[in-house]
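Subject: Structure for you to look at

Hello,

Here is the structure I said I would pass on.

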Amino acid sequence: MMPAPIARLFPRAQPKAAAFTGLLIAAAALAAVPFVLGMNFGNSWVRIVDFALLYVMLALGLNIVVGFAGLLDLGYIAFYAVGAYLYALLASPHFGLHLPLWVILPLGAACAALFGVLLGAPTLRLRGDYLAIVTLGFGEIIRIFLNNLNAPLNITNGPQGIANIDSMSVAGHALEKPLVLFGIALPSLYLFYYLFLALAILTMFICIRLEDSRIGRAWVAIREDEIAAKACGINTRNIKLLAFAMGASFGGVAGGLFAGFQQFVSPESFGLLESIMVLCMVVLGGMGHIPGVVLGALLLAILPEALRYAARPMQIWMFGRMLLDPEALRMLLFGGALIVVMLFRPAGLWPSAIRRREFASAEKET
Amino acid sequence: MSELLLDARGIRKNFGGVRALSDVSLTIHKGEIYGLIGPNGAGKTTFFNVLTGLYTADAGHIDFAGHRLDLGQAHQVVRAGIARTFQNIRLFGNMTALENVMVGRHTKSRAGVWGAVTASRATRAEEKAIVARAHALLRYVGIDARANDLARNLPYGDQRRLEIARALATEPGLLALDEPAAGMNASETAALRHLIENLRADGITILLIEHDVKLVMGLCDRVAVLDYGEKIAEAAPEVVQRDARVIEAYLGGPVQ
Ligand SMILES: Nc1ncnc2c1ncn2[C@@H]1O[C@H](COP(=O)(O)OP(=O)(O)OP(=O)(O)O)[C@@H](O)[C@H]1O
Ligand SMILES: [Mg+2]
């Protein structure tokens, strides 16, 4: 009875053996990604993909709030910031604390969830544009706090940010050093890739399970008609707060990973533009549809970089010399691509079957 | 008559200067079909909204099945056993008919985040039971064939039925229907009447707002009449029909 996602991702209907080989092939392909990229295009591309995986987590988290529960959140990056700064404060010389990753990540998730509830509680009665404005303000407040909490007591080190953050270590191995396994040396960037991939898949798994559950249905019911949801016995206040908290906790985990990966955080990484970027990933991919959101995140994280690389040779090839700064051109092309996609695929690149129908019938009506 | 189910006392609701309800009291007995009628703007829907917790009353209280209702807390009212439909249909348009009814099982199921993510045995069993129950309810109201259609794409009459199925999913003791026959043709109305009779036979008490006089007179055991937020009559349908104040309210002036 349920539409696509679950059936497609975990093909239960197929014989077990076929499903297992499919899974093996997918795992092998994902494991090979950094090797293929690193050897053919250089390690900077592995780095880009590492970041893309963080964006997958962010987009999946925001999708719970925006896609499932229908609550427009323009300050989502604040939770990313909370997770990142928590990691920075608990594992750096700044306070002299050096807690391990497996303590900080759950703590970051919990702390971000708490901030999610803090944002959610006063906005329970708001919807649409009004909610967007309040959440936008919330995001800015967090950033401004981070910028200014260096006096009288230096907590965040202000605009300079926090440097020399500990690298993450998994099973006793610090990921900033390469790992030699069966005679193959795995560069640090590859190790981050595998860690982020594992957590991105876990996030996706949690989202899929939630979507097709009593909680997920309650979120969608609130998105569709809040009053009717109340009349069905849904405690809309709690269920909305749960959406904010769940979404925020994914952001918090991604933020922690970001801090351990960069080993440096500063407030400027958490501006409004970042919030909008994550929102674009959700909308462009297909709001509320998990595979679509993942696709959107990967595309929007990788495409601008690809455009940056392509801009230079393209110009030389077309005009014989550089006319425009690749950086300026990149954003132009990026914006143009967004507009084209939204014009031709308003439901997103990979919408759920239901949303596609919804947009189709909306078009017929107008 | 039989056991008292609902006892509303002195319900008052103002919207700015408008007295939508002034001290309305009424009692509903277990197993009856109770009609609530009155001219447009009399306050019928407002009474529903107060009863089901969507509005808070300015005064008054309601006892249901011996317990005081927590007015203004819609989800508590549903848990207490009162379900409703809406005058202007409110379905979850982009969910399928089946999913709409599944949402109605919310209060009768328990799975939380942990259960959902781990897909524990209890959660899976519960989920299976929800689907089975939802199908059974769609069959009960006669639209099981449309289970996988989006609610917004159902024909009007089926949407009304779906709303009833969704309300039934909460296992109500009292089902409050706000103009269920509005916009229906004669054969749809006849089918609706049949459905309501079935509901009564299955032990569900019904509070019915309806403008279709024939339907109200044919179905209801007792009828209350609201006019400008005041209850002006409460009696068996044939008595109410002859009541001078009621006739005056409907014709908008004293009768010659
Ligand atoms: N949310 C609201 N805000 C302000 N006034 C309201 C509100 N809801 C209802 N009213 C007013 O209260 C009065 C009663 O309205 P109500 O909807 O209860 O009437 P009704 O009996 O259901 O009428 P109808 O038969 O047209 O559905 C009307 O004057 C209406 O304008
Ligand atoms: Mg009404």
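**The sheet and helix of chain B**

In chain B, helix α1 (residues 44-51) lies across β1, β2 and β4, and runs at about 115° to β1(B). Keep in mind that this is a predicted model.

The strands belong to an open sheet of four, in the order β2-β1-β4-β5 (chain B), and their pairing is antiparallel. At the edges stand β2 (18-29) and β5 (67-68) of chain B; each has a single partner strand, so one side of each has no neighbour in the sheet. Strands of a sheet pair through backbone hydrogen bonds, either parallel or antiparallel. For strand β1 (residues 4-15) and strand β4 (residues 59-64) of chain B, the sense is antiparallel and there are five bridges. Across this pair, L6(B) stands opposite F64(B) in β4(B).

Two packed helices are described by the angle between their axes and the distance between the axes.

The contact involves, among others, W45(A), I48(A) and Y55(A) of α3(A), and I290(A), L298(A) and Y309(A) of α12(A). By class, the residues of this contact of α3(A) with α12(A) are 18 nonpolar, two polar and one charged. The crossing of α3(A) and α12(A) is right-handed.

The other pair is helix α4 (residues 77-90) and helix α10 (residues 236-262) of chain A, whose axes come within 6 Å and cross at roughly 45°. That angle makes α4(A) oblique to α10(A). This crossing of α4(A) and α10(A) is right-handed. Among the residues that meet are F79(A), G83(A) and Y87(A) in α4(A), and G251(A), G252(A), G255(A) and G256(A) in α10(A). The contact of α4(A) with α10(A) has nine nonpolar, six polar and no charged residues.

**A histidine in a loop**

Last, find H106(B) in the loop between α3 (97-104) and α4 (113-118) of chain B. Is H106(B) buried or exposed? Its relative accessibility is 7%, so H106(B) counts as buried, the cut-off being under 20%. Apart from neighbours within four places in sequence, H106(B) is in contact with R214(A), A218(A), C232(A), G233(A), I234(A) and I239(A).

Regards

Note on methods
Residues numbered from 1 in each chain as written. Chains lettered and ligands numbered in written order. Predicted model: local features only at pLDDT ≥ 70, side-chain atom pairs only at ≥ 80, totals over all residues. Heavy atoms only, no water. Left-handed = near helix turned anticlockwise from the far one by under 90°. Helix = DSSP H or I, 4+ residues; strand = E, 2+ residues; numbered from the N terminus. Contact = heavy atoms within 4.5 Å. Nonpolar A, V, L, I, M, F, W, Y, C, P; charged D, E, K, R; others polar. Pairing = 2+ DSSP bridges. Axes fitted to C-alpha atoms, helices over the stretch in contact; angles between N-to-C directions. Parallel < 35°, antiparallel > 145°, perpendicular 65-115°, else oblique. Buried < 20%, exposed > 50% of the residue type's maximum accessible area, 1.4 Å probe, protein only.
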